[in-house]
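Work through the exercises below with the model open. Each task is followed by a stepwise solution.

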Amino acid sequence: MPIEVNGKTLETDEEGYLANINEWEPGVADVMAKEDELDLTDEHWDIINFLREYYEEYQIAPAVRVLTKAVGKKLGKDKGNSKYLYGLFPYGPGKQACRYAGLPKPTGCV
Amino acid sequence: MSDIKKFMYLNRRAPYGTIYAWESLEVVLIGAAFDQEVSLIFADDGVFQLVKGSDTSESDMKNFMPTYRTLGDYGVRHMYVDRASLAARGLSEDDLIEVAWEDYETEEEVDNIVEIVDTDQAAKLMAESEVVFSF
Amino acid sequence: MSDLFTVNKSPFEKNSLEAAIKFSLAGSSILMIEDGVYGAMKGTAAEDMVKGAMSDRKVYALKSDLMARAIKDDRVIEGIEVIDYAGFVDLVEANDKVQAWV
């Protein structure tokens with residue numbers, strides 16, 4: 001189902017992931033979060049931006065386990081645990097945060 | 001549950017002409033969730049998978065070379081490269097990417113898990129593995 | 001009379017390049033594409049064979065496929081002409097027909 005972001009219509013796949021990663025802009029995360037009735041805080045954005053940097057460098061969305069470890073290293077041990085990440089993204093940090101960041105579904109996520 | 005097996009992924013195909021290299025990479029990424037001791041070995045045209053500097057901007061293909069560099073984060077401990085295969089292709093260690101590995105609990109670090117081995121050593125490594133997946 | 005031979009397999013995995021060289025007449029053009037461009041690399045086990053073919057055949061390699069495989073210009077055997085898609089089209093037009101060696 002396509003989403004409307006700042007007057008533009010962006011295609012998504014059947015699970016709501018952006019069809020074209022290059023069409024991403026911060027407004028995409030805002031629109032998706034609104035649909036999930038979630039208010040995006042700076043803490044959410046830390047993770048979204050982290051995912052975008054990770055994708056830029058490695059060309060894949062990280063598995064949750066890898067995301068958790070890498071966040072802990074980059075943003076501090078208090079944030080590198082699944083309790084903190086699930087607190088931010090209740091539908092799953094891998095799936096939900098990757099979707100907001102415009103990334104494909106993490107490899108190995110079912 | 002604690003039965004950790006040695007998995008070896010054998011890669012013998014060039015990266016883009018066929019789907020083998022990408023499929024192997026995906027299986028390694030997915031398989032990383034199972035906590036086995038995972039190593040990769042590159043021989044024959046498979047050594048081309050690790051050559052740095054790929055640019056697919058004019059090919060309409062996804063450049064998955066950068067993905068190899070995150071394999072350490074996925075728990076891959078060793079990436080062996082057959083020396084004779086490199087030599088036959090005019091390549092040396094300097095042409096290859098480096099892949100770091102770190103244990104986040106113990107903070108043990110390895111700067112580069114890519115290691116060039118002789119063919120008889122490669123044979124021994126595969127013989128010592130419990131499972132060899134061939135791509 | 002001249003034909004364009006395209007080769008899209010690595011010379012280290014299949015003998016498509018070797019066969020295309022063997023079955024092409026002098027004056028033919030050989031174009032390396034996809035994994036075939038590994039045959040254009042300097043310092044490989046296939047270099048002598050390619051250089052031998054170049055004595056009376058013209059050899060080309062497709063730039064986008066070289067780039068994807070991290071083969072920079074300075075690693076391409078001297079005398080091999082690197083061409084883009086437009087050059088590919090020109091080659092097809094300039095020859096009587098195309099033989100695809102796969």
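Predicted model: local features only at pLDDT ≥ 70, side-chain atom pairs only at ≥ 80, totals over all residues.

**Exercise 1.** Describe the pairs of chains that touch.

Step 1. Two pairs touch, and the most contacts are between chains B and C.
Step 2. That contact takes 18 residues from chain B and 20 residues from chain C. The chain B side divides into six nonpolar, six polar and six charged residues. Here Ala, Val, Leu, Ile, Met, Phe, Trp, Tyr, Cys and Pro count as nonpolar, Asp, Glu, Lys and Arg as charged, and the others, Gly among them, as polar.
Step 3. Turn to chains A and B. Chain A supplies 13 residues and chain B 15 residues. On the chain A side, H3(A) gives the most, with six residues. Helices are DSSP runs (H or I, at least four residues), as are strands (E, at least two), numbered from the N terminus.

**Exercise 2.** How many residues of helix H5 of chain A are buried?

Step 1. Define burial: 20 or more other C-beta atoms lie within 10 Å of the residue's own; 12 or fewer means exposed, and in between is partly exposed, with C-beta atoms placed from the backbone.
Step 2. Count. Seven of the eight residues in H5(A), residues 93-100, are buried. Among them are Pro93(A), Cys98(A) and Tyr100(A).
Step 3. Find the cover. It includes helices H1 (26-35), H2, H3 and H4 (82-88) of chain A.
Step 4. Look just after H5(A): Gly102(A) takes a positive phi of about 85°.

**Exercise 3.** Characterise the fold of chain B.

Step 1. List the elements: four helices and seven strands. From the N terminus on, they run β-α-β-α-β-α-β-β-β-α-β.
Step 2. Check the radius of gyration, taken over C-alpha atoms. The globule rule is 2.2 Å times the number of residues to the power 0.38. With 135 residues, a compact globule would have a value near 14 Å; chain B has 15 Å, which agrees.

Notes. Residues numbered from 1 in each chain as written. Chains lettered and ligands numbered in written order. Contact = placed C-beta atoms within 7 Å.
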